[in-house]
Amino acid sequence: MKLRKQVTVCGGAIFCVAVFSLYLMLDRVQHDPARRQNGGNFPRSQISVLQNRIEQLEQLLEENHQIISHIKDSVMELTDTGAVSPRGHLPFRSANGSWVLPFDGRPTFLAVKPQDCQLASGSHSQADVQMLDVHSILKFDNPDGGVWKQGFDITYEPDEWDSEPLQVFVVPHSHNDPGWIKTFDKYFTDQTQHILNNMVVKLAEDPRRKFIWCEISFFSKWWETADVRKQEAVRKLVLGGQLEIVTGGWVMTDEANAHYFAMIDQLIEGHQWLERNLGVTPRSGWAVDPFGHSATMSYLLKRANVTSMLIQRFMWRQSWDAGSNTDIFCHMMPFYSYDVPHTCGPDPKICCQFDFKRLPGGRINCPWKVPPKAVVDANLAERANLLLDQYRKKSKLYRSKVLLVPLGDDFRYDKALEWDQQYTNYQKLFDYMNSHPEMHVQAQFGTLSEYFDAVYKAYDVAQGARPPDYPVFSGDFFSYADREDHYWTGYFTSRPFYKSLDRVIESNLRGAEILYSLAVANARHVGMEGRYPVSDYALLVDARQSVGLFQHHDAITGTGNKWLNGAGRVIINAAHFLVMKNKEFYRFYQTEPFLETDDRRATQDSLPQSTLIELDPSGPRYLVLFNPVEQERLSVVTVLVNTVRVRVLTEDGQTLPVQLSAQWSSASQMSAEVFEAAFMVRLPPLGLAVFHLYDSPDSPMTLRSDTLLRLSGRSVTARAADPLPVRSQQSDPQTFYVSSHTYGIIRRKDDPQEVKVQMQFVVYGTRPSKDKSGAYLFLPDGKAKPYNQKEPPVVRVVEGPLFSEVVAFYQHFQQTIRIHNVPGVDGLSIEITTLVDIRDQTNKELAMRLVTDIQNGDVFHTDLNGFQMQPRRHHLKLPLQANVYPMSSQAYIQDSHHRLTLHTAQSLGVASLETGQLEVIMDRRLMQDDNRGLGQGLKDNKKTANRFRLLLERRSTGNKTRGVTFISLWLEFVSALPQMMDRETTSFPSILSHMTNSFLNHKVLALPVLAKRRGIPPLQTFAPLKSILPCDFHLLNLRSIQSQDPQSPSPHAALILHRLAMDCGLDAPNLGINCTTTQGQLSVSELFKDLDLQLLQPMSLTLMHSSTPLANDSTISLDPMEISAFKLKLR
């Protein structure tokens, strides 16, 4: 009651101060003679200013009201549960038997401005073509198109080009996969180095010859071995326009499974290499081999100042863009493949005759049994007219009379002979065409940008501008089929072990980048540049390039053959420097690290094992925790210790409650020597906090978990170890959790409404026909069948003050469902970990299916690359496999009452095959190749831990809103969004959902301080931020920028920010932290503590284009969904 009175008095005081301020402002205006004109009438401009001031004041009043309301709600929650701890700070059981944590005395608030929610409710992309509509309109009846199997017959009138000749740009290229059937190094040795060596020689022989190159990972490796003469020759070819670097990323990235952090990072790595070594700025994007295309990639290229890209000739616009700021001009190749038989025109039988590598006597031929002919005078006219006919037919598919014809394939031009065969024969054809005006064609070799420039010139528009009448497209290109019902949806899940490992290493790389940049800046600030190991920059570069290489479309996809990196060492060294209380005591020893990582992998193919922290009565062990998230974090951290007498203290000596649990060596056997200690911590954003762990006989704050084992049969017995007793009982066949279907009800503590959830595990087989599932394709033998096993599983139930969990042990997977009993983000969702092992299966795919009573109809949402949400529809007219989509970070189903989101820590395939369902493919074991070139099945499965969070959110009803009138009206409008969003092409996560995903994908890193005989110098918490970052800002990276020496950094860092768009139509619970938004405004100079900002310069996303530097105290502004980069100099 006393707390309630204090809240009321505080709220009343704030209100009185605000009203009195308004009175003073009005009084000043009334009595100031300078403000009175024409008998006391205000000028219209001053009335407008006053009106704006009143509106701002009204908004501030509402924010204050929201803050007070959140504080009041926090207090009410505690008083409603009777949360007055009888033993001070000890957790205790309430009257209903549930554990209650004592209030930590820190009020939190959520203050989201209505303007920051408008993207979710405002107008969106006005596209001419929306892929959702295309899916609905197309019949997908797969008619035979004749020679163009997937198309139709193309006809034309001979005089169509009389007034405007056809321009043909033949673009030679060689697609080099950085690892697929061979390793990266093997491909380089066998083929790629020869391609590039030949390029230098053969392009120089004729200035009319052109070539394009994409993969910088290969190019950089070749550059390192090339002599100065070759390097200068390349620069000359680039300068002369004969060689163009297209896209310029480290790899041609996958667009389904890759996370946008890694997509950006590999693009930066490639562009920075080009800037340092060639001075090249890529203008055009080239993506011929990803298995489907994401709208995220077009946005990233646009932000990198790339003006055009290849996949389809239209303006590709982001679905949330109500204007045209995100438009990028895009070209699509219309036929089956990017090889020569499918690029000159619709008839591959004819086009193959113009792939001169297939001339008789070579190693490859034409499957259509008509070989190419060398071009000689006797057949020149016939050959030229035959080829021109294909060019004309292909041009009928486009709006302009400018035609692009790629000339290449995988690892082409590795022999000098092919360079001569292709270039010499084509030049004869071009010369003949160009010398015969009656053919009305101008044909030549060209680069990609030359083709785009010709299109822009034909319409008299600037580079990257929309030509008149060209359509605007919105959406993506998933899921992809190359023929019949052969949908490439299997690779969304293939080799999930490496998809999970990739996400962990990405998070570690981001953490390493941020800590390294902060450590170097702090070292400069205190004059210790020479003492801090800037040589770690080389480790960062290696880590960037390793992660970049894995984003290739035959690596993260699980369709290639394998690969760890040293970001962990960078984190350890940077954390060591930053937590030193007195930097003078800092010493760096390469062979004697100060910290170690908690999770260790024996090999790159093994699951991580936690480090045992051995406590000793003689003194404390120290633990440093790193929060890689840009918001304050309230989390439960678990470490392994060697004693039950554990006591955990904060840096200032406060004892923390500890939940002590067993470490299990099997489903029913616990260790007598190793224990799990879990404790709740509050960590600063992007910061490092120090904790002390003691072996202490007096540990009243250490509470032991209650454990119940439900055993599956007489052959299984429980083996407990003192002092952690275990209760056991034989399982009841009628009990819900001993079958392969888990039933339950999810309900938020503050919500009386329930959502029924059934968790099923199901199995897909592969079809019995010739065509079967493989690394790429998902070709099931029908609907999934329930997973069954003869014996019921062992089930372990653990209950404690900080978390409770249920673990069920099946033959092929181990399912852990954990609920955290902590305030804030971690306590508002359910943690699910599924340890999958199907190594003894044959042609099986295991899926987890959620069946709920949410009425989502045929609409569900999946993310694209962790960057944006894409609505999907389940189409009955399509086969089952066509309704599977990539899920990089989350998917959800929703109705007018609830949204249920499954957040994932690894990329997997997802579907919603019936209303109320969400299904995730967990792993695939397939014994055969699917005839897409890999030449092997999926038989190298690993034991894989798939991690998820299940979040239930309630739609706002509008009748519980508080505050002034316009806020109430706003929330009532937002409450109508569920119905609107089913018809809309955009959807956004809530602020809670954004944070849940960030917490899942960026785990707290535990860094135990190694025990040292000579003692540990004083350590302190490192909190780098001076002010709270708005909670709709995501700090994507703080990346040290290269110098001319590739092994050392410049004094600059790239700050890359993403402003999140959010759905405010979902109830906002207590996040456990202070959360405010600022309408996209941020003062960078006020962001970092103890560092001076000496440069603030807006840059393009990959740092190749710069704008005028801003004043250091400037406020930057980002629109919702915008990603922006800034060059900083911190000291």
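Biologist: Which residues do ring pairs link into a cluster?

Modeller: This is a predicted model, in which local features need pLDDT of at least 70 and side-chain atom pairs count only at pLDDT 80 or more, while totals for chains, interfaces and linings use all residues. Residues are numbered from 1 along each chain as its sequence is written, and side-chain values use heavy atoms, with hydrogens and water left out. Rings of Phe, Tyr and Trp (its six-membered ring) pair if their centres lie within 6.5 Å; planes under 30 degrees apart count as stacked, over 60 as edge-to-face and the rest as tilted. The cluster is made of F211, F354, F356, Y413, W419, Y423, Y426, F430 and F445.

Biologist: How many aromatic pairs does the structure hold, and what is the geometry of the pair W148 and F152?

Modeller: A pair of aromatic rings is described by the distance of the centres and the angle of the planes. The structure holds 51 such pairs; that of W148 and F152 is tilted, at 5.0 Å centre to centre with 50° between the planes.

Biologist: Is W148 buried or exposed, and what of F152?

Modeller: Buried means under 20% relative accessible area, exposed over 50% and partly exposed in between, for a 1.4 Å probe and protein chains only. W148, at 9%, is buried, whereas F152, at 46%, is partly exposed.

Biologist: Where does the charged end of R818 sit?

Modeller: A charge sits over a ring if NZ of Lys or CZ of Arg is within 6 Å of the ring centre and within 35 degrees of the ring normal. The charged end of R818 lies over the ring of F803, 3.7 Å from its centre, and that of K221 lies over the ring of F188, 5.4 Å from its centre.
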